[in-house]
Amino acid sequence: MIEVNNLVKKYGDHLAVDHLSFHVDKGQIYGFLGPNGAGKSTTMNIMTGYIASTEGEVIINGHNILEEPEEAKKCIGYLPEQPPLYFDMTVKEYLKFAAELKKIPKDRRENQIKDVMKMVGITSMQDRLIKNLSKGYRQRVGLAQAILGYPEIIILDEPTVGLDPKQIIEIRELIRKLAKNHTIILSSHILSEVSEVCDYILIINHGKLVASDTTDNLEKMAKGSNTLELSVKGDRERLKNILDQMEEIRDIEWTKSEEQGIVSLKITTDENTDIREKIFYKMAEKQMPIMDMHSTRISLEDIFLELTDNAKKPDSSKKRKLRFTWDKKEQEAVSEDEASEEISISQEAIQDTEKAADTENKAPAQEADTAGHGQEGGNDDSNL
């Protein structure tokens, strides 16, 4: 459906997109993630033909976006981060204008506009000036123009920005509905939204692809993805001797317990290993009651922060380790013996990262990583 091959975009000496390659298959919802300045919007602008790449190519449904722009763009509906709206038009006037630009046949325009307005919930706003709409409704108008013409591919850059919780849920449902007949690429900073809606996730950092897989597979690829938290009544040394005999346990982290006579700890096990039942029977055998036991898994947020070197500062007693290995075509998690690289996040590493980020922020930014088109203006004084 979409092939991005060796894409490069330079702004002077600044490399915004660095030899980026990936492909998008038909009929799925793709989440496109990355920190600010990672090159997401630049990549989307190149994919949609808004700007040209320095090197590489983008193939849309068999058409090169630069060599056959008209044929390629017919396959794409695009909602930039700042919708390309004309504020002195009414909603219906703007959608008619967008339909003409997309060369939708005259006999189909009226019905398509009605269907699209109903789909995104702006039928009651059709005679209102866009400048008098709230930010949420402006976002819906931008989404409506992206859907017009029913393109095979819909690219959405931060589609829920400015929406209230109810509207966000409605847009999520709309995206799922659109995915039945369209391929969706969704860029968002709301990771819970991405994990809930998207089938596949692409993570980009410093213009490079650092991860490409399903959410479940990304979680499984993280070292320490299976963690068991325990509170046991008994003696710590005795408990340690029991657990040391369990081969499935990879690491033990002792935590402070507020209850006297209770030992609290975190156990990291091998991937896809569940030892809760084994621990239960072992503790019962040794007459050491389990007061609390629950398992945790690495979240998409943890994976995103780890891969983009922007992790939250942990407690000084903690050391969190995640390891990923990637191949251009297949991504596989390696065993501990086979690992070629291990990223260990500690208190000192976080401080070093923050110092480096402070230094980098002092340099002038050269990338304009936005996709705003159209006119700006208007007052958001509507209660809608």
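Biologist: How many aromatic pairs does the structure hold?

Modeller: Rings of Phe, Tyr and Trp (its six-membered ring) pair if their centres lie within 6.5 Å; planes under 30 degrees apart are stacked, over 60 edge-to-face, and the rest tilted. Here there are six such pairs. In one, the ring centres of F22 and F32 are 5.9 Å apart with planes at 45°, so that pair is tilted. A word on the source: this is a predicted model, where local features need pLDDT of at least 70 and side-chain atom pairs count only at pLDDT 80 or more, while totals for chains, interfaces and linings use all residues. Residues are numbered from 1 along each chain as its sequence is written, and side-chain values use heavy atoms, leaving out hydrogens and water.

Biologist: Which parts does the F22 and F32 pair tie together?

Modeller: Helices (H or I, at least four residues) and strands (E, at least two) are DSSP runs, numbered from the N terminus. F22 sits in strand β2 (residues 14–24) and F32 in strand β3 (residues 29–33), so the pair links parts 10 residues apart in sequence.

Biologist: Is F22 buried or exposed?

Modeller: Buried means under 20% relative accessible area, exposed over 50%, partly exposed in between (1.4 Å probe, protein chains only). F22 has 8%, so it's buried, and F32 is buried too, at 2%. Y86 and Y94 make another tilted pair, 6.4 Å centre to centre with 45° between the planes. There, Y86 is partly exposed at 28%, whereas Y94 is buried at 3%. Y86 and Y94 form one aromatic cluster with F97.

Biologist: Which residue lies over the face of Y11?

Modeller: A charge sits over a ring if NZ of Lys or CZ of Arg is within 6 Å of the ring centre and within 35 degrees of the ring normal. In this model it's K9, at 5.4 Å from the ring centre of Y11.

Biologist: Which residues of α4 are buried?

Modeller: An α-helix has 3.6 residues a turn, so residues three or four places apart point the same way. In α4, the buried ones are R109, Q112, I113, V116, M117 and V120. Their cover includes α3 (91–101), α5 (135–147) and α6 (165–178). After α4 comes G121, with a positive phi near 75°.

Methods: Contact = heavy atoms within 4.5 Å.
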